[in-house]
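This report looks at one helix, its surroundings and a hairpin elsewhere in the chain. Please view the sequence and the model side by side while reading.

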Amino acid sequence: VTEILSAYRIPILELDGFEADDVIGTLARQATGRSVETVIVSGDKDFLQLVRPGVRILNPWHGRPGRTTEKWYDTENAVERLGVPAERVTDYLALLGDTSDNVPGVKGIGEKTAHALIERWGTVEAMLEHVDEVTPTRAQTALREHGADGILSKELVTIRQDLPMELDLDALALARRAASDTYTRPTSTGTSMRGPTTPASA
């Protein structure tokens, strides 16, 4: 993928030791600080936490397989994806967990209960501070027994927005490709083949 992007002179941004999500989060935060409208193209639900004025999400794979359509999320409709507003996405994901990302969540709390708890208390921290008042009883027990996992999970799902990098808009401009530019692509035999980055004229 990086070779293809480089061939088309599409800028690649990365920072050693940090996840791509954190790079995106940091640049989105800096962009809004400069009043630059930002669109994050991804179907990853975690990015919904970044939605705010000036930052929208474009999910290009919304819907069922074979019948996908584009779906835009902004401050008006971000709640449609997970049932919680953007500012509570980290709390919701922290309660549910995600085994594919090694996020433990709070064992014993499902989607329905998570929605009810967030509507009543807002944050995971507030739930734990008022755990004696949490209902139903099974949710209170889950928070007592696995509350530490909830705090850890919230930390794991939170996208960082403070990486040591600066948004350079000029460097992000798509460069023109020279007709002499070439790229390397694999063939069916496993060998490489070089060709122009621009298609030949008809």
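## Basis and terms

A residue is called buried when its relative accessible area is under 20%, exposed when it is over 50%, and partly exposed in between, using a 1.4 Å probe and protein chains only. The model is predicted, so that local features need pLDDT of at least 70 and side-chain atom pairs count only at pLDDT 80 or more, whereas totals for chains, interfaces and linings use all residues. Residues are numbered from 1 along each chain as its sequence is written, and side-chain values use heavy atoms, with hydrogens and water left out.

Helices (H or I, at least four residues) and strands (E, at least two) are DSSP runs numbered from the N terminus, and contact means heavy atoms within 4.5 Å.

## Leu96 and the end of helix H4

Leu96 lies in helix H4 and, because its relative accessibility is 27%, counts as partly exposed. Leaving aside residues up to four places away in sequence, Leu96 touches Gly105, Ile109, Gly110, Glu111 and Ala114. Gly108 is 12 residues from Leu96 in sequence, with a C-alpha to C-alpha separation of 8.8 Å. After H4 comes Gly97, which has a positive phi near 75°.

## Burial of H4

Helix H4 is mostly covered, with 7 of its 8 residues buried, namely Val89, Thr90, Asp91, Tyr92, Leu93, Ala94 and Leu95. The cover over these buried residues includes helix H3 (79-82), helix H5 (111-121), helix H6 (124-129) and H7.

## Packing of H4 against H7

The axes of H4 (residues 89-96) and H7 (residues 137-157) come within 8 Å and cross at roughly 130°, the axes being lines fitted to C-alpha atoms over the stretch in contact, with angles from 0 to 180 degrees between N-to-C directions. H4 and H7 are therefore oblique to each other, given that angles under 35 degrees count as roughly parallel, over 145 as roughly antiparallel, 65 to 115 as roughly perpendicular and the rest as oblique.

On the H4 side the contact is made by Thr90, Asp91, Leu93, Ala94 and Leu95, and on the H7 side by Leu143, Gly150, Ser153, Lys154 and Val157.

Strands S2 (residues 55-62) and S3 (residues 69-73) run antiparallel and are joined by 4 bridges, where pairing requires at least two DSSP bridges between the strands. Asn59 has Lys71 of S3 as its bridge partner. This hairpin has 6 residues between its strands, and Gly63 takes a positive phi near 105° there.
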